[in-house]
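Let's take a walk through this model together, from charged pairs to aromatic rings and on to the backbone. Keep the viewer open as you read.

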Amino acid sequence: MPGTVLTEELEISHGGTGGGAGDGRGDDSSGRGGGSPSELPTRIYQTGVWLALAAIVMFFMALVSAYIVRKGLTDWRTLTLPKILWLNTAVLIASSITLERARHAFTHDNESGFRLWWSITTALGFCFLAGQYVAWRQLAASGFYLATNASSSFFYVLTAAHAVHLLGGIAALLYVLIRGWAHLRRRNGIGAEVAGVYWHFMDGLWVFLLLVLQMGR
Amino acid sequence: MSFSGADTMRKRNSSRVSKRGSARGSERGPERIAERGSALVATLLSLFLLVFVGLTLYFFIGKQMWFPAPINAFGRDLDRQFTRTFIITGIVFFLSQVALAWVIFRYRENGGRAASFEGNNTMEIVWTTAALVMFVGLGLAAEHSWAEMHFRGASEGALKVEVTGKQFNWLFRYAGPDAQLGRIDPRQITESNVLGVDEKDSSGKDDIVTGSLAVPVNREVELTLRAQDVTHSFFVRELRLKQDAVPGMAIKVHFIAEQTGKYELACAELCGLGHHRMRADVLVMSQPEFDAWLVQQKAEQ
Amino acid sequence: MTTHGATTAHVHKAPEGFIWKYVFSQDHKVIGIQYFCLALFAVFLGMTLSVLMRMRLAWPGVKIPFMSSDFTPEMYLALLTMHGTIMVFMVLTTAPQSGFGNYFLPIQIGAADMAFPVLNMLSFWTTFVSLMVLIAAFFVEGGAPIGGWTAYPPLSALGSIAGPGQGAGMTLWIISIAIFCAASLMGAINFITTTIDLRARGLSLMRLPLTVWAWFVTAILSLLAFGVLLAAGILLLLDRVAGTSFFIPGGLVVSGVVQSQHTGGSPLLWQHLFWFFGHPEVYIAILPGMGVASHVLATFARKPVFGYRAMVYAICGIGFLGFMVWGHHMFISGMSPYSAFAFSIMTMAIGVPSAIKTFNWLGTLWGGQIRLTTAMLFALGFVSLFISGGLSGLFLAQPALDLPLHDTYFVVAHFHLIMGVAAIFGIFTATYYWFPKMYGRMMSEGLGKLHFAITLPGVYLIFMPMHFLGMAGHPRRYADLTGVAYLKDLLPVQQFITWVAFATIAAQFIFLFNFLWSLKFGQRAEINPWRATTLEWTIPSPPPWDNFAGHEPIVYHGPYEYSVPGHAEDFIPQNQDPASVARSLASGVPGGVPGNDARLKR
């Protein structure tokens with residue numbers, strides 16, 4: 001499962017972060033659709049990332065509605081969520097703030113500030129994933145494995161699916177970092193913008209999932 | 001449908017038709033041959049569509065192959081609704097296929113110039129409304145049959161039978177004298193206790209398990225459908241009744257069979273390699289015959 | 001997969017070398033042809049499976065040619081499952097959308113390529129992997145799965161204990177479908193972005209060819225539906241390999257073994273998720289066909305599409321309502337009877353846009369100069385099949401009437417006519433129509449007409465009698481007619497259908513021959529052999545690798561300006577500049593239909 005989603009995600013972030021896809025033909029398409037030459041690549045990546053997010057929403061909505069239906073059945077056991085999840089949530093929200101700092105630095109042509117805040121964001125992303133792993137270990141230690149009860153099954157599936165999608169986001173963050181400042185400037189910061197949209201969305205999605213898991217226990 | 005729209009089109013066509021005459025008269029040679037070939041294909045396709053419509057209606061109206069006669073009020077109800085639906089869809093089918101055949105023949109290429117109208121809002125509104133009223137109306141007309149089957153339960157005096165589907169046969173359980181079915185415990189399933197009726201439950205002692213479904217005529221029967229392994233579906237065509245038997249669920253359906261005889265229950269939900277042979281007899285008999293049958297089944301058990 | 005993306009990402013100029021030109025090409029035209037070839041392979045495979053199934057139905061003792069073992073019921077069910085899966089996913093989803101859509105959507109909107117060429121290439125190769133994994137299911141222990149393309153649990157969730165093929169074969173099936181979901185999502189993102197952002201100057205939404213509208217809405221349906229199937233597939237896979245209980249209830253006894261590791265799951269949950277995807281999937285298969293049919297009908301009737309706006313709204317309406325009717329697949333499933341009522345009314349309502357389309361097709365033909373090319377014949381066949389197959393839907397949409405008809409051959413007839421054969425006719429229409437543009441040669445019209453003359457009667461003779469089988473109570477997915485006594489009377493009908501199927505399938509080899517022969521020996525095609533209006537007919541056949549050779553077309557006209565009164569030619573290409581149109585009008589032939597000049601003011 002994760003492999004599949006991962007492939008999909010990497011491709012989306014790969015194309016979406018202003019990397020490979022557009023370099024081929026995107027540049028020679030001046031004047032197309034009535035847009036100015038520099039405007040065009042920006043537009044397709046913006047559209048692309050929002051469409052990818054729409055697909056991701058449908059994927060998670062399917063899981064969440066399955067969760068709600070399944071919870072209404074007879075054998076549901078209440079799950080105590082590991083406390084560390086709240087810390088993880090704080091970390092992820094912090095990463096959104098640092099990401100905005102980085103983008104602020106970009107608009108002010110502050111290369112070192114951008115690199116710093118962008119790296120912190122990426123690091124916080126890794127911290128979140130590590131925290132999620134700890135949460136799984138804690139849950140398993142308390143006797144709730146994947147197949148123990150539908151409540152724990154859904155916990156693992158939802159958090160793992162989110163983690164895989166977030167991993168795609170981290171790949172996008174790293175990609176922007178590795179491609180470097182000059183490339184980003186040349187492309188009007190589109191890579192940072194698209195990765196940012198995706199990252200904020202993963203942040204919001206996590207808060208939503210946590211509320212579902214907390215209220216639906 | 002909309003006469004005003006059709007009128008405008010007729011007027012426009014008349015100007016075309018006069019032009020067509022002159023075009024025909026003056027042209028000779030390869031163009032003419034192509035035109036004749038086109039006419040042949042158009043004629044053949046139109047004829048084919050007409051024959052197809054004719055055959056289809058012949059088979060449907062003539063009922064060359066049809067449902068078996070229903071044996072309950074619900075079945076007769078459904079047959080009437082089927083007829084209503086058939087009349088409406090049949091008319092739409094006839095008109096649209098014949099219209100298609102007609103335009104193919106009538107407006108085949110002849111070297112003239114096509115009309116150029118792009119649409120007609122009045123006509124769009126008329127046929128949208130007509131389709132909406134017709135289709136949704138049909139849907140509402142069938143609702144009472146559905147409500148009769150599913151919005152109310154069986155009456156008090158109904159005979160209760162539990163139906164269990166398993167790969168690949170049907171089992172029926174009658175409650176016996178105490179009118180109570182015993183609990184089921186899957187772990188107690190053995191060769192002799194195929195349903196796993198709980199040994200410790202006293203109300204299960206007099207349960208009668210059979211391999212065919214017998215019901216008294218003219219008495220309401222309530223079936224509780226269960227499945228032991230995968231999803232099966234209870235289907236008796238003479239009752240016009242089909243209902244999935246889903247593992248983990250107990251689904252109730254009810255019917256009154258009004259005609260004695262031997263019918264067949266077929267599984268209608270793919271359940272594995274023996275799906276096509278998962279069947280059972282359905283026996284509708286008089287009440288005394290039924291009582292005797294039940295006693296005999298008990299004795300054989 | 002990612003490595004290919006990384007290495008090919010820096011191709012700026014026309015690609016060189018066989019690998020980059022034809023294998024890992026990022027050119028939407030090559031990818032379109034790759035999809036088409038994949039679908040062509042898949043459709044002949046699926047067809048072969050179906051003819052084997054038909055043989056067993058007609059003659060239960062028959063053996064599979066070139067195989068020593070008996071033709072068992074489980075083999076029949078494996079063929080059935082694979083036939084359905086291959087046809088729905090690998091043919092009906094790929095050919096009309098990913099194949100022709102990939103090739104012609106960018107050209108028809110005046111773009112040099114798709115928005116994300118690398119993503120496009122990846123989605124093809126992901127689809128290819130998905131097909132390979134699916135075919136691999138034939139060769140693992142137990143063979144291909146036997147649970148049908150709908151894969152209802154618990155049958156699909158319990159493993160090999162539930163039947164041969166339900167072990168490794170079923171697992172591969174789920175993996176294949178999950179991969180396919182990922183591929184379709186990538187494709188959908190590309191199609192939608194391209195349509196939104198890369199349209200040529202002047203190409204407003206209401207000037208898009210109906211083909212583009214159909215591909216666009218289909219891509220939106222894919223985007224919203226395939227994620228749901230992916231989620232459901234993951235849960236099903238976990239039920240099988242990790243012992244979870246999403247879809248498996250407790251207390252099951254299979255082949256005498258108590259399945260104690262599962263409790264409390266819901267088989268109906270799968271059905272809801274599956275059909276939430278499954279019903280839009282039906283429209284994913286048929287909408288492109290509707291688009292192509294509308295397009296070709298207008299071209300060869302030499303008339304504007306009747307009610308263009310209504311057609312656009314109908315496509316959108318079908319797409320929208322398509323997400324609200326999934327419950328009509330579940331009237332007998334044990335779902336709440338009250339929701340069945342709601343689903344039924346919504347389903348009846350979806351007949352309305354379908355009816356609008358049919359009426360508008362007739363309106364398009366009315367008063368035309370109908371030229372019966374092979375493409376036109378298949379488009380007309382599409383309309384006829386759409387009517388025939390659509391009307392039986394009005395029976396099945398009523399929950400009460402669905403009771404006797406559900407899961408019988410009546411349903412088989414219904415969905416084969418409307419989703420299977422009609423969509424295939426859409427594919428044939430597209431092939432005969434666009435072949436000259438794609439390969440620079442014309443297909444043989446004579447062979448094409450012969451193909452049509454056998455295929456249309458053939459499919460009607462195969463599928464119309466199935467309605468009566470269903471009404472006589474013949475359940476579908478039966479390996480033979482020996483089990484249930486009343487089916488024995490129906491055997492001659494099944495045999496008749498099998499004989500017709502032989503003939504119809506033989507006719508498909510005429511198509512294959514025509515296709516291959518014309519590739520090499522067909523008459524050279526001009527730029528615009530059909531005298532059509534849309535942008536693909538303004539560039540060479542076949543088009544150069546960047547389509548418009550660096551010149552961006554500017555669009556001045558609607559997509560279907562045929563037989564404009566006063567204009568000398570009976571068509572105006574979308575990019576013809578207004579000045580030349582005005583000159584032509586000034587010197588044009590007299591005698592056109594007056595009163596329609598308003599159309600030029602757009």
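B:Glu148 is partly exposed, with a relative accessible area of 39%. In this predicted model, the side chain of B:Glu148 meets that of B:Arg152 in a salt bridge, at 3.0 Å from N to O. B:Arg152 is partly exposed as well, its relative accessible area being 35%. As a general point, side chains of opposite charge can pair when their charged atoms come close.

Stay in chain B for another such pair. B:Arg279 and B:Asp281 form a salt bridge in which the closest N and O atoms are 2.6 Å apart. The arginine of this pair, B:Arg279, has a relative accessible area of 27% and is therefore partly exposed.

Now move over to chain C, where C:Arg531 and C:Glu569 join their side chains in a salt bridge of 2.7 Å, N to O. This pair links distant parts of the chain: both residues are in the loop between α16 (491–521) and α17 (578–586) of chain C, and they are 38 residues apart. How exposed are the two partners? C:Arg531 counts as partly exposed at 35% relative accessibility, and C:Glu569 also counts as partly exposed, at 37%. Over all chains, the structure holds 26 salt bridges.

Is C:Ser563 buried or exposed? At 1% relative accessibility, C:Ser563 counts as buried, because buried means under 20% relative accessible area.

Elsewhere in chain C there is another cis peptide bond to look at, this one joining C:Pro153 and C:Pro154, with omega at about 5°. You will find C:Pro154 in the loop between α6 (117–136) and α7 (168–197) of chain C.

Chain B has a positive phi to show you too. B:Arg240 is not a glycine, although its phi is about 55°. The residue is found in the loop between β6 (232–236) and β7 (241–245) of chain B. With a relative accessible area of 1%, B:Arg240 is buried.

Next come the rings. A pair of aromatic rings is described by the distance of the centres and the angle of the planes. The structure holds 92 aromatic pairs over all chains. One of them is formed by B:Phe117 and C:Phe306, an edge-to-face pair with 5.9 Å from centre to centre and 80° between the planes. Where does this pair cross between chains? It goes from B:Phe117, in the loop between α3 (73–106) and α4 (121–141) of chain B, to C:Phe306, in the loop between α9 (267–301) and α10 (308–321) of chain C. B:Phe117 and C:Phe306 are both buried.

For a tilted pair, turn to C:Phe435 and C:Tyr439, whose centres are 4.8 Å apart, with 45° between the planes. These two residues are 4 residues apart in helix α14 (residues 409–439) of chain C, which means that about one helical turn separates them. C:Phe435 and C:Tyr439 are both buried.

In chain C, the charged end of C:Arg56 sits over the ring of C:Phe71, 5.7 Å from the ring centre. In chain A, the charged end of A:Arg185 sits over the ring of A:Phe106, at 4.3 Å from its centre.

That brings us to chain A as a whole. Chain A has 7 helices and 0 strands. Of its 217 residues, 59% count as buried, and its accessible surface comes to about 8400 Å², with 66% of it belonging to carbon and sulfur atoms. Among the contacts in chain A with a separation of 6 or more, 82% are between residues 24 or more positions apart.

How confident is the predictor about chain A? The chain averages a pLDDT of 83, and 81% of the residues score at least 70. Over residues 1–39 of chain A, however, pLDDT stays under 50, and the model has 92 contacts beyond four places in sequence for them.

Terms used
Residues are numbered from 1 along each chain as its sequence is written. Chains are lettered from A and ligands numbered from 1 in the order in which they are written. Side-chain values use heavy atoms; hydrogens and water are left out. Rings of Phe, Tyr and Trp (its six-membered ring) pair if their centres lie within 6.5 Å; planes under 30 degrees apart count as stacked, over 60 as edge-to-face and the rest as tilted. Buried means under 20% relative accessible area, exposed over 50%, partly exposed in between (1.4 Å probe, protein chains only). A charge sits over a ring if NZ of Lys or CZ of Arg is within 6 Å of the ring centre and within 35 degrees of the ring normal. pLDDT is the predictor's confidence in each residue, from 0 to 100. Contact means heavy atoms within 4.5 Å. Accessible areas come from the Shrake-Rupley method with a 1.4 Å probe; for residues, only the protein chains shown count as cover. A salt bridge is a side-chain nitrogen of Lys or Arg within 4 Å of a carboxyl oxygen of Asp or Glu.
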